[in-house]
Amino acid sequence: KHSLRERLSSLPTPKNDYEIVVPEENEIDPAESTNEISSVEDQADVDARVIAEKEIARKQELEKRSQVVQRTLPRPTEVNTKILRPLSDKPNLTELQNAEEMIKHEMITMLLYDSTKDPVPGQSENKMDQLQTYFKSNPYEEISKEELNKAKLLLSNEMRVVKDGMGHGDLALDVYSQVWEECLAQVLFLPSQNRYTRANLASKKDRFESAEKRLEQNRRHMAKEAKRCGKIEKKLKILTGGYQARAQALIKQLQDTFEQIEQNTLALSTFKFLAEQEAVAIPRRLESLQEDVRRQMEREKKLQQKYANLQENLKELSKDETK
């Protein structure tokens, strides 16, 4: 204790000096700073919002595209631009022919635009350069959603007028399938020329090559589907192997139970038949037994009477001998 006091006494005397600092007006309040920090948006929310905005923009852009792209339908790798009439014939065309040419021109432009924005697999780079050159002289016109809706309404009204005027009703599925098969039979694919043509214009050799090509495609498709089914079956076998084993065991138990039920049903029907036969035979048996008992009782009664008579005779004979 003494040494501790000496050490403490060597310490300097305390000074009660205080310095008060008043915060300036431009300093940030801690509460406000906390609110600002807490108001910072999380990066995951930012990424999710950006992805959602991109998805909305993609859907809006997709609504302006053709139905083929929207529904991911197959598209040709080559667009036949030879269906257009030469420019020299344009002055001699009628209004209906001019309208037909405008429709064909718009169709070709849409097909080429789809090939530019969403290239078909296997499309060459040279083809892309040709498409860019085509659109320099034939620019693709963007159509607003309102204009598309107006066009759809006009087409719907025109189809209704034609349908009512020609007396067309709702086609059944079998009728539609028949018409589709008939129209499809009129078109033939030529593998040597890599294009479609009318079946009545194709030669016998072209028909044979087309049928051979279709057969080869069907074989490849069948092999592809068989391979895919094999993989799916293997995966299902791995996933459901335990369930299959359990199902086999339960099936065996169920079969054994059914066999036992069948045997018991047969035994039950047999015993029911025997019970019916016994129910008919029991009264006859009872009557026969009762008759036998009655006869036996009468016989016993007669024998008892005979025995009693013999006993009396014996007693009388015994008395006579004693006399």
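Reader: What should I know about the model and its numbering?
Author: This is a predicted model, in which local features need pLDDT of at least 70 and side-chain atom pairs count only at pLDDT 80 or more, while totals for chains, interfaces and linings use all residues. Residues are numbered from 1 along each chain as its sequence is written, and side-chain values use heavy atoms, with hydrogens and water left out.

Reader: What is the confidence of the chain, and which elements have the lowest and highest mean pLDDT?
Author: On pLDDT, the predictor's confidence in each residue from 0 to 100, the chain averages 83, and 89% of the residues score at least 70. Where pLDDT is low, the predicted coordinates should not be read in detail.

Reader: What makes a run of residues a helix or a strand here?
Author: Both are DSSP runs, numbered from the N terminus: helices are H or I with at least four residues, strands are E with at least two. The chain comes to 9 helices and 2 strands, in the order α-α-α-α-α-α-α-α-β-β-α.

Reader: Why is Tyr-113 called buried and Tyr-140 partly exposed?
Author: Buried means under 20% relative accessible area, exposed over 50%, and partly exposed in between (1.4 Å probe, protein chains only). Tyr-113 has 10% relative accessibility, so it counts as buried. Tyr-140 has 22% and is therefore partly exposed. Across the chain, buried residues make up 10% of the 323 residues.

Reader: Why are Tyr-113 and Tyr-140 called stacked?
Author: Rings of Phe, Tyr and Trp (its six-membered ring) pair if their centres lie within 6.5 Å; planes under 30 degrees apart count as stacked, over 60 as edge-to-face and the rest as tilted. The two rings lie 3.7 Å centre to centre with 5° between the planes, so they form a stacked pair. The count is 1 aromatic pair. Tyr-113 is in helix H5 and Tyr-140 in the loop between helix H6 (125-137) and H7, 27 residues apart.

Reader: How do you know that the number of disulfides is as stated?
Author: A disulfide is a pair of cysteine sulfur atoms within 2.5 Å, and by this rule the count is 0. As for accessibility, Cys-183 is partly exposed because its value is 41%, and Cys-229 is partly exposed because its value is 35%.

Reader: What makes the largest pocket a pocket, and how much space lies in it?
Author: On a 1 Å grid over the protein atoms alone, a pocket is an open set of points with protein on both sides within 12 Å along at least five of seven lines, whereas a cavity is a set where a 1.4 Å probe fits but cannot get out; lining residues have an atom within 4 Å of a point. About 1,300 Å³ of space lies in the largest pocket. Of its 28 lining residues, the closest to the centre are Pro-76, Val-187, Phe-189, Arg-195 and Tyr-196. H9 gives the most to this lining, with 5 residues.

Reader: Which element gives the most to the lining of the second largest pocket?
Author: H7, with 9 residues. About 830 Å³ of space lies in the second largest pocket.

Note on methods. Grid points are joined across faces, edges and corners, and a volume is the space filled by probe spheres set on the points.
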